[in-house]
Amino acid sequence: MATLQSKPTEEGVKAAVDETLASLQAPLRELNHTTAYEEHHAHNAICDFLGKQGFIVTRHAYGLDTSFQTTSGSGGRLINSNAEYDALPEIAHACGHNLITTSIVAAFLALSAVLKQYGLPGRTQLLGNPAEENGGGKAKLIDAGAYQDVDVSLMAHEFIFHAGPRELFPGVLSDGVGGVRMNARKEIHCTFRGKSAHAGGNPWEGINALDALVASYNNVAVLRQQMFPDERVHVAFLDTPKWQVRSPTLRGPNVLMSKVRNCIEAGAMANGCEVEADTGRNELYTDIKINDTLCERYQAHMGRYGRNVLTQHEKVLTGSSDIGNVSYLVPTLHTMLGITNEKGSFPYHPSFAAAAGTDSAHEEAVIVGKSLALIGWDMLTDDGLFEAARRQWQQAVE
């Protein structure tokens with residue numbers, strides 16, 4: 001490691017980032033191999049890893065059992081890095097959150113090292129994000145004040161190549177993308193209450209809650225014909241039915257939610273059933289505010305590692321993520337990296353979990369981590385770039 005320097009060069013900082021992560025190649029790969037708010041093993045494994053690297057880690061941070069936080073540096077601006085590590089029941093990391101953890105931990109370690117090496121003001125925060133898949137962990141962290149002092153927020157997400165190598169989207173050749181648009185999302189949890197009666201003896205005395213549910217389901221199915229192409233409504237039958245409503249803008253789910261609720265209540269009304277449509281406990285995932293400056297810096301730094309990435313993709317991805325909630329608070333970068341083009345492989349499929357565990361996917365995640373560390377350095381040391389990112393964010397959320 002180089003001695004303390006007062007005037008770091010761009011190539012010097014990149015070399016320090018590369019050197020730092022090269023020395024941690026084996027433990028990072030081991031960490032990559034290690035469900036909502038049930039991520040106790042991942043939480044402990046990451047915290048133990050960071051402790052071995054000399055960081056003081058706050059476990060169970062902000063009142064969440066499986067969140068954590070650690071920071072490094074002093075003075076200056078604060079760069080937040082978001083580590084997701086929740087897995088899916090039975091199919092584990094079929095959305096590749098092990099790669100998110102790898103890239104974000106790598107970014108934090110590298111940025112911490114260069115801040116220490118060059119002795120410049122600036123801080124970096126690694127924040128453990130539980131329950132992105134089902135629970136809105138970042139929304140709860142926001143409510144608890146986790147992002148209160150953050151100036152810029154960074155994270156990366158894996159994506160699957162569409163058909164051939166480098167075809168990230170149909171007809172779009174690229175190694176990745178700096179910014180993607182995703183739908184805002186709300187939920188409705190419903191309880192239908194009927195009245196018991198003997199189906200053969202006196203059915204006229206009863207009120208069939210299942211009929212009300214089926215009628216509600218059919219009503220929403222008919223509503224889909226009147227929805228915009230990028231909007232989605234889908235339902236899961238758990239202990240109680242749970243509808244999810246998605247739309248490209250933050251206003252969209254509110255409008256669509258009202259229509260869906262009418263469909264549900266009409267289904268209950270048709271046979272005199274009572275229904276409780278609970279929207280108060282739903283987790284709001286907002287749309288993502290794209291930041292041009294951060295996307296451009298990502299493209300530039302990935303290019304230094306031989307990757308040709310798009311700055312952003314105009315098409316709205318119909319999924320949702322709670323990183324959108326963060327993007328309404330501070331300038332935020334949510335990148336996407338492609339990891340496989342295996343036929344029949346797609347997110348939430350066991351084949352994607354297998355792809356996310358390969359050496360090539362891990363290596364790509366580390367390169368993304370290096371680029372995120374360099375963006376963090378840009379935001380800490382270049383006032384012009386930071387002010388541009390801040391100004392674009394303010395315009396986007398107004």
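Tutor: Because the model is predicted, local features need pLDDT of at least 70 and side-chain atom pairs count only at pLDDT 80 or more, while totals for chains, interfaces and linings use all residues. Residues are numbered from 1 along each chain as its sequence is written, and side-chain values use heavy atoms, with hydrogens and water left out.

Student: Why is Arg77 called buried?

Tutor: Buried means under 20% relative accessible area, exposed means over 50%, and partly exposed lies in between, with a 1.4 Å probe and protein chains only. Arg77 has 17% relative accessibility, and therefore counts as buried. Arg77 sits in the loop between β2 (68-74) and β3 (78-84), where helices (H or I, at least four residues) and strands (E, at least two) are DSSP runs numbered from the N terminus.

Student: What does Arg77 touch?

Tutor: Contact means heavy atoms within 4.5 Å. Leaving out residues up to four places away in sequence, the contacts of Arg77 include Asp151, Leu380, Asp382, Asp383 and Phe386. A polar atom of the Arg77 side chain also lies 3.4 Å from the backbone oxygen of Leu380; a polar contact is a pair of N or O atoms within 3.5 Å, where, within protein, one must be able to donate a hydrogen and the other to accept it, and residues adjacent in sequence count only if both atoms are side-chain atoms.

Student: Why is Arg307 called partly exposed?

Tutor: Arg307 has 22% relative accessibility, so it counts as partly exposed. Arg307 belongs to the loop between α8 (292-304) and β13 (310-317), and its side chain is joined to that of Glu364 by a polar contact of 3.0 Å. Not counting residues up to four places away in sequence, Arg307 touches Asp175, Met302, Glu364 and Ile367. Between the C-alpha atoms of Arg307 and Val368 there are 9.7 Å in space, although 61 residues separate them in sequence.

Student: How do you know whether Asn82 is buried or exposed?

Tutor: The relative accessibility of Asn82 is 0%, so Asn82 counts as buried. Asn82 is placed in strand β3, and its side chain makes polar contacts with the side chains of Asn80, at 2.9 Å, and Tyr147, at 2.7 Å. Pro130, in the loop between β4 (122-129) and α5 (137-143), likewise has 0% relative accessibility and therefore counts as buried.

Student: What makes His60 and Tyr62 worth a look for their phi values?

Tutor: His60 has a phi near 55°, a positive value in a residue other than glycine, and Tyr62, which is not a glycine either, has a positive phi of about 55°. His60 is in the loop between β1 (58-59) and β2, and Tyr62 is also placed in the loop between β1 and β2. His60 counts as partly exposed because its relative accessibility is 42%, and Tyr62 counts as partly exposed because its value is 30%.

Student: What makes a set of residues a nonpolar core?

Tutor: A nonpolar core is a set of buried Ala, Val, Leu, Ile, Met, Phe, Trp, Tyr and Cys residues joined through side-chain atoms within 4.5 Å. The largest nonpolar core has 72 residues, of which Leu50, Phe68, Leu109 and Leu372 touch the most other members. The largest share of this core, twelve residues, is supplied by α4. Apart from it lies another core of 19 residues, including Val220 and Cys263.

Student: How do you know what is a cavity and what is a pocket?

Tutor: On a 1 Å grid over the protein atoms alone, a cavity is a set of points where a 1.4 Å probe fits but cannot get out, whereas a pocket is an open set with protein on both sides within 12 Å along at least five of seven lines; lining residues have an atom within 4 Å of a point. Grid points are joined across faces, edges and corners, and a volume is the space filled by probe spheres set on the points. The largest cavity holds about 40 Å³, and residues lining the largest cavity include Gly179, Ile288, Cys295 and His334. The second largest pocket holds about 390 Å³; of its 20 lining residues, Phe55, Leu109, Ser112, Ala113 and Lys116 are the closest to its centre.
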